[in-house]
Amino acid sequence: MAQTSRLLSLDVMRGITISGMILVNDPGSWTYVYAPLRHAQWNGFTPTDLVFPFFMFIMGVSMFFSLRKYNFEWSAESVKKIVRRTIVIFLVGFGLNLFNHLWNHGFSDFEHLRILGVMQRLALAYGFGSLIGLCINHKYILHTAVGILIFYWALLGFTGSMDLSPESIIAAVDRAIVGESHMYTDTMADGTVIAFDPEGLLSCIGSIAHVLFGFYVGKVIIDSKKDIELIIRRIFIFGTLLLFAGLLLSYGCPINKKIWSSTFVLTTCGLGSLLLAILIWIIDINKKKRWTMFFESFGINPLYLYVQAAIVATLLGGIQGYVYSDVFVPLFGDYGGSLAWAIFFVLLNWVPGYVLYKKKIYIKI
């Protein structure tokens, strides 16, 4: 399989997830959001709960390609790149929190500045996952990922941390390291608001296994690169096994995004593998590529466009309310208008992404 074709499949899936993340993060009104575009309240998942783990899964696939040029050897150069990239991504995520805080609160109330977030979770998963990829024999990658999930499952189970509770070990670790005032807040079933971060430090354990499953799929692609149909079969079988394992084991370990449970990892990596196999079949075997340009524009500069969307959303806060209430609601109603703004916002962010795509400009961290 040609390298460009392989990367096109990955870029398209990456673009689907980034555009999906922007879509669900920016409705016209949080009061009027269709159910599939909301996160699950606790256990279970919606389509919205898939976009972030899909991106993390693809990051794991790309991680294999990135480390391949170092021959997967532990060296000063390879470790320096991993550490530098981890720090930069984490700081970019923190910078987004800081920008939003300054815009809304000015130079005050810093004791409530959130420390963690989506980019920070990506940074930590990338950093630890990459170092593992350099340290162990790749035939043990799946063993390592499964071992991490079993350990994490046992840790949550033995500490009674499967529920949204201030006594959860996940919340306790974040309170001890980050501080309660710097954490995200969530609402318990009885209406009590507690500090509980869905991108917390301890729950990052599950996300490390997440990128390792993606890393394994990257290895499958390279090992079978001369037989594209073999790639699809292997990824499809792998994804099916993960998906069924996650669904069956969910009776003992709930599928839960906010704690990034072991079954959440299995289920979403399974679905992500299946989606990737389908995209390879559509794009690389059947050569159906006309529809890919929109998503490829997002996929070649994913982190830049995610950051851009977060900044633009903050800057357009006041305009958003006007356009939603005075333009989209009269045309489409409350729910339809809220979705219309979200789609408009995705298109708005796509325009500079398309310019970068046409000029072949790749903004990398």
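Me: How many cavities of 30 Å³ or more does a search of the whole structure find?

Reply: Rolling a probe the size of a water molecule over the atoms shows where empty space is left. In this predicted model, the search of the whole structure finds one cavity of 30 Å³ or more.

Me: What volume does the largest cavity have?

Reply: About 70 Å³.

Me: Which residues line the largest cavity?

Reply: The lining is made of Leu23, Val24, Pro27, Tyr32, Val33, Tyr34, Leu37, Tyr335, Ser338, Leu339 and Ala342. Two elements give two or more residues to this lining: helix H1 (3–25) and helix H12 (317–358).

Me: Which element gives the most to the lining?

Reply: H12 does, with four residues.

Me: How do the lining residues divide into nonpolar, polar and charged?

Reply: Ten are nonpolar, one is polar and none is charged.

Me: Now a single residue. Where is threonine 46 found?

Reply: In the loop between H1 and helix H2 (48–68).

Me: Is threonine 46 buried or exposed, and why?

Reply: Compare its relative accessibility with the cut-off: buried means under 20%. Threonine 46 has 15% relative accessibility, so it counts as buried.

Me: Which residues is threonine 46 in contact with, leaving aside its neighbours within four places in sequence?

Reply: Ala35, Pro36, Arg38, His39 and Ala40.

Me: What lies 2.5 Å from a polar atom of the threonine 46 side chain?

Reply: The backbone oxygen of arginine 38. Arginine 38 is also one of the residues in the contact list of threonine 46.

How values were computed
Residues numbered from 1 in each chain as written. Predicted model: local features only at pLDDT ≥ 70, side-chain atom pairs only at ≥ 80, totals over all residues. Heavy atoms only, no water. 1 Å grid on protein atoms, 1.4 Å probe; cavity = no way out; pocket = protein on both sides within 12 Å on 5 of 7 lines; lining within 4 Å. Points joined across faces, edges and corners; volume = space filled by probe spheres on them. Nonpolar A, V, L, I, M, F, W, Y, C, P; charged D, E, K, R; others polar. Buried < 20%, exposed > 50% of the residue type's maximum accessible area, 1.4 Å probe, protein only. Polar contact = N/O pair within 3.5 Å; in protein donor to acceptor, adjacent residues only side chain to side chain. Contact = heavy atoms within 4.5 Å.
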